[in-house]
Amino acid sequence: MVARAPLISVLVVAYKSGAYLPRCLAALAAQTFRDFEVLVLDNASPDGAETGLDDLGIAAELVRSPENIGFAAGNNLLARQARGTWLALLNPDAFAEPDWLQAFADAVARYNGISVFGSTQLLESDPALLDGAGDHYSPLGLAWRGDRLHPAAGMTEDAEVMGPCAAAAFYRRDVFQRVGGFSEPFFCYYEDVDLGLRLRLAGERCIQLSGARVRHVASAISGQNSDFSRYHITRNRIWTFLRTMPGPAFHLFLPVLLAQLGLIVLLGPIRGDGAVRVRAIRDAFAAFPAVMRQRRVIQTGRRTGVVAFLAALSWNPLKLFGSRGDRRPIRRENRAGPIPPTGVEHATD
């Protein structure tokens, strides 16, 4: 007899996260909502700490990768094996509050036609502060987590945001798959921003849930301001802009993006990160032909008007440079029809 599919599949991509994974899974075991499965990818962790699932008090499916395939490809792999109607992505250094999944399940019933939800992320070191409340994107090609390090007491209502931070995000599995999931060449960083923008282009919206909360260590694995993070953030934000910015806005803001990159190169010797930034910019444009082919497919499948898409972006530079939130009132309207598959996201060219 085939077991009934759960409502939610929780996906955890673990790499060198042995110090955090037990607590992450223990928090899932303590959820008040029970209709979920857990899939964990051991992404070739050299510490070998991702293997003791039998001792952690929760039934989880362990998937092993012979090499570190990255956050983007890792979640795509787990999504293909998931059985739930919904995918709940959770970083191993994110610890869900006991009612995290219940708050989400209630939101599904409350918001008809919404296929993307974000969690309120509290700073693990000081839960009175936000680690982020939704991703925002400037037409200048820069993304940020809204209201990071601002008081969590200000998050009292659900709101619409550009997209969710994938450290703790919910996607309808069929919608995630139809747009191709994460772009695997990104490896990690900005892959959730790119996906959020592609979902917007495809006609989807994202609701940031005030009551679905996790505590997040943030950059616990890759290291904050490490050369690794600097490289991937710099390269991937270029790819994100090239792939997703539609129509006339692309031509209007591309010179601004190029000017930013020139400034990054000039300031590199002063900031001490010149070599890694230059390498990231070089690699980003080395893939320019392939990225522009992907752009053509993504933009051809666009179902949201240019004006509506641009309206979802954040145009206030004070919010950008102050990492302030740009949450919007929720519009009560349903999604219009299925999303056509793009068929481009798993290509490695």
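The model is predicted; local features need pLDDT of at least 70, side-chain atom pairs count only at pLDDT 80 or more, and totals for chains, interfaces and linings use all residues. Residues are numbered from 1 along each chain as its sequence is written, and side-chain values use heavy atoms, with hydrogens and water left out.

Grid points were joined across faces, edges and corners, and volume is the space filled by probe spheres set on the points. The whole structure holds 2 cavities of 30 Å³ or more. Helix α5 (residues 191-201) supplies the largest share, 3 residues. Helices (H or I, at least four residues) and strands (E, at least two) are DSSP runs, numbered from the N terminus.

A nonpolar core is a set of buried Ala, Val, Leu, Ile, Met, Phe, Trp, Tyr and Cys residues joined through side-chain atoms within 4.5 Å. Buried means under 20% relative accessible area (1.4 Å probe, protein chains only). The largest such core has 34 residues, of which Ile-8, Val-10, Leu-28, Leu-90, Trp-100 and Phe-117 touch the most other members. Elements giving two or more residues to this core include β1 (8-14), α1 (21-29), β4 (86-90) and β12 (206-216). The greatest contribution, 6 residues, comes from α3. Beyond its neighbours within four places in sequence, Leu-90 is in contact (heavy atoms within 4.5 Å) with residues including Val-10, Leu-28, Trp-100 and Val-214.

Helix α2 (residues 70-81) spans 17 Å between its first and last C-alpha, close to the expected 16 Å. That expectation is 1.5 Å times one less than the number of residues. Of the 12 residues of α2, 10 are buried, so the helix is largely enclosed by the rest of the structure. Among the buried residues are Phe-71, Asn-75, Asn-76 and Leu-78. Their cover includes β1, β2, β3 (61-64), β4, α4 (173-178) and α5.

Ala-14 lies in strand β1. It is buried, at a relative accessible area of 0%. Its C-alpha is separated by 5.8 Å from that of Asn-43, 29 residues apart along the chain.

Terms used: 1 Å grid on protein atoms, 1.4 Å probe; cavity = no way out; pocket = protein on both sides within 12 Å on 5 of 7 lines; lining within 4 Å. Buried < 20%, exposed > 50% of the residue type's maximum accessible area, 1.4 Å probe, protein only.
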